[in-house]
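Colleague: I have a model to go through with you. Can we take it contact by contact?

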Amino acid sequence: MTHFVSPIRYIFPAVFAAVGVILFLNLGLWQLQRLEWKNSIIHQINHTIGDTPVPVPTEYTPEEHNYLPVKAKGLIRPETILYLTSIQFKGPGYRVISPFEFDNRRILIDRGFVLTNNAKGLEIEADVELVGNLHWPKEVDLFTPEPEGNLWFAREVEKMAKALGTEPLMIVVRTISSDHKAIQPLAITSEGIPNNHLGYAIQWFALIIVWLILTGWWVSSLFLKNKST
C-alpha cells in the first residue's frame with residue numbers, strides 16, 4: 001500500500017535549515033569582514049611605526065595620526081594615572097600615564113608598564129628626551145568599569161586628558177632618556193593584536209555543514225516514521 005507523504009510536515013525542517021544556514025553564513029561573512037578590517041589595522045601599524053620620528057604635530061586627528069612616530073624633549077609632571085592591565089609572561093601591573101610638558105604644551109605620555117609590587121614612587125618630575133608613537137587606543141566596551149581615583153581600566157585619551165588637564169593627545173613611549181627604573185616602556189607593535197577572525201569564520205561555515213546534516217537526519221527520521229505507519 002502506497003503511503004501519501006504530505007509535504008507540510010517538512011516545511012518546519014526546511015525553515016529550520018534555512019534559518020540556520022542564513023545565520024551561520026552571515027556570521028562567517030562578518031568574521032571575514034572583521035579579518036579584512038584587522039589586517040588593514042596591522043598593515044597601518046607596520047607601515048607607520050617604523051618611520052623616522054617627527055616633532056609632535058600641533059594639529060592632529062586619530063584617523064590621520066594614529067601610530068605616528070614622534071620625538072620630544074620636555075618635562076614629566078608628577079600627576080599619575082595607573083591603567084590596570086596584565087602582560088603575558090610578566091603578570092598583572094599598570095601602564096603609567098603622566099602629563100608631559102614641552103614647547104608650552106601639555107600632553108599625555110604612556111611611560112610603560114610596571115608590576116603591581118613595584119608601583120611605588122612613580123610620581124616623578126624629570127626632564128627627558130623621548131621617542132614614541134601617537135596613539136588613541138580603543139579599549140572601552142560595555143563592561144569597562146568607571147575609574148576609581150587614579151586607577152583606570154582603559155586608556156581613554158579624552159577622559160584622561162580632562163582629568164590631567166592636557167591636550168587629548170598621548171605618546172606611547174618607545175625610548176626615554178630617564179624614568180623610574182621599574183617602568184618598562186612598551187613600544188607599539190602589531191604582534192600583540194589578536195587576529196583569529198579567519199578561524200572563527202571557518203568555524204561558522206563548518207557549522208553550516210553540521211546544521212544541514214542534522215536537518216537531513218531530522219527529515220530522514222520523519223520520512224521513515226511516516227513510512228512505518
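What follows is a set of questions and answers on surface, salt bridges, backbone and aromatic rings.

Colleague: What kind of model is this, and which pLDDT do side-chain atom pairs need?

Modeller: This is a predicted model; local features need pLDDT of at least 70, totals for chains, interfaces and linings use all residues, and side-chain atom pairs count only at pLDDT 80 or more. Residues are numbered from 1 along each chain as its sequence is written, and side-chain values use heavy atoms, with hydrogens and water left out. For side-chain atom pairs, the value is pLDDT 80 or more.

Colleague: Which helix gives the largest share of the nonpolar patch?

Modeller: The patch is made of Leu25, Leu29, Leu32, Leu198 and Ile202, with about 410 Å² of accessible area together. Patch residues have over 30% relative accessible area and no salt bridge; nonpolar side chains (Val, Leu, Ile, Met, Phe, Trp, Tyr) are joined within 5 Å, like charges within 9 Å, and areas come from the Shrake-Rupley method with a 1.4 Å probe, only the protein chains shown counting as cover for residues. Helix H1 (11-48) and helix H4 (197-228) each supply at least two residues; helices (H or I, at least four residues) and strands (E, at least two) are DSSP runs, numbered from the N terminus. The largest share, 3 residues, comes from H1.

Colleague: Is Leu25 buried, partly exposed or exposed?

Modeller: Leu25 lies in helix H1. Buried means under 20% relative accessible area, exposed over 50%, and partly exposed in between (1.4 Å probe, protein chains only). Leu25 has 36% relative accessibility, so the class is partly exposed.

Colleague: How many residues apart in sequence are the parts tied together by Glu101 and Arg77?

Modeller: The structure holds 10 salt bridges, each a side-chain nitrogen of Lys or Arg within 4 Å of a carboxyl oxygen of Asp or Glu. In one of them, Glu101 meets Arg77 with the closest N and O atoms 3.7 Å apart. Glu101 sits in strand E4 (residues 91-102) and Arg77 in the loop between strand E2 (69-76) and strand E3 (81-87), so the separation of the parts in sequence is 24 residues.

Colleague: Which residues are linked with Glu101 in a network of salt bridges?

Modeller: Glu101 counts as partly exposed, at 26%. Arg77 is also in the network, and counts as partly exposed at 24%. The residues linked with Glu101 are Arg77, Glu79, Arg106 and Glu125.

Colleague: What is the relative accessible area of Asp110?

Modeller: Asp110 forms a salt bridge with Arg95, the closest N and O atoms being 2.7 Å apart. The pair links distant parts of the chain, Arg95 in E4 and Asp110 in strand E5 (residues 105-115), 15 residues apart. Arg95 counts as buried at 11%. Asp110 is buried, at 0%.

Colleague: Where does Glu139, the partner of Arg155, lie?

Modeller: Arg155 forms a salt bridge with Glu139, at 2.7 Å between the closest N and O atoms. Arg155 is in the loop between strand E7 (151-152) and helix H3 (157-164), so the pair ties together parts 16 residues apart in sequence; Glu139 lies in the loop between strand E6 (126-134) and E7.

Colleague: What is the phi of Asn104 near?

Modeller: Asn104 is placed in the loop between E4 and E5. At 86% relative accessibility, Asn104 counts as exposed. Its phi has a positive value in a residue other than glycine, near 60 degrees.

Colleague: What is the angle between the planes of Tyr60 and Trp136?

Modeller: Rings of Phe, Tyr and Trp (its six-membered ring) pair if their centres lie within 6.5 Å; planes under 30 degrees apart count as stacked, over 60 as edge-to-face and the rest as tilted. By this rule the count is 4 aromatic pairs. Tyr60 and Trp136 form a tilted pair, 6.1 Å centre to centre, with an angle of 35 degrees.
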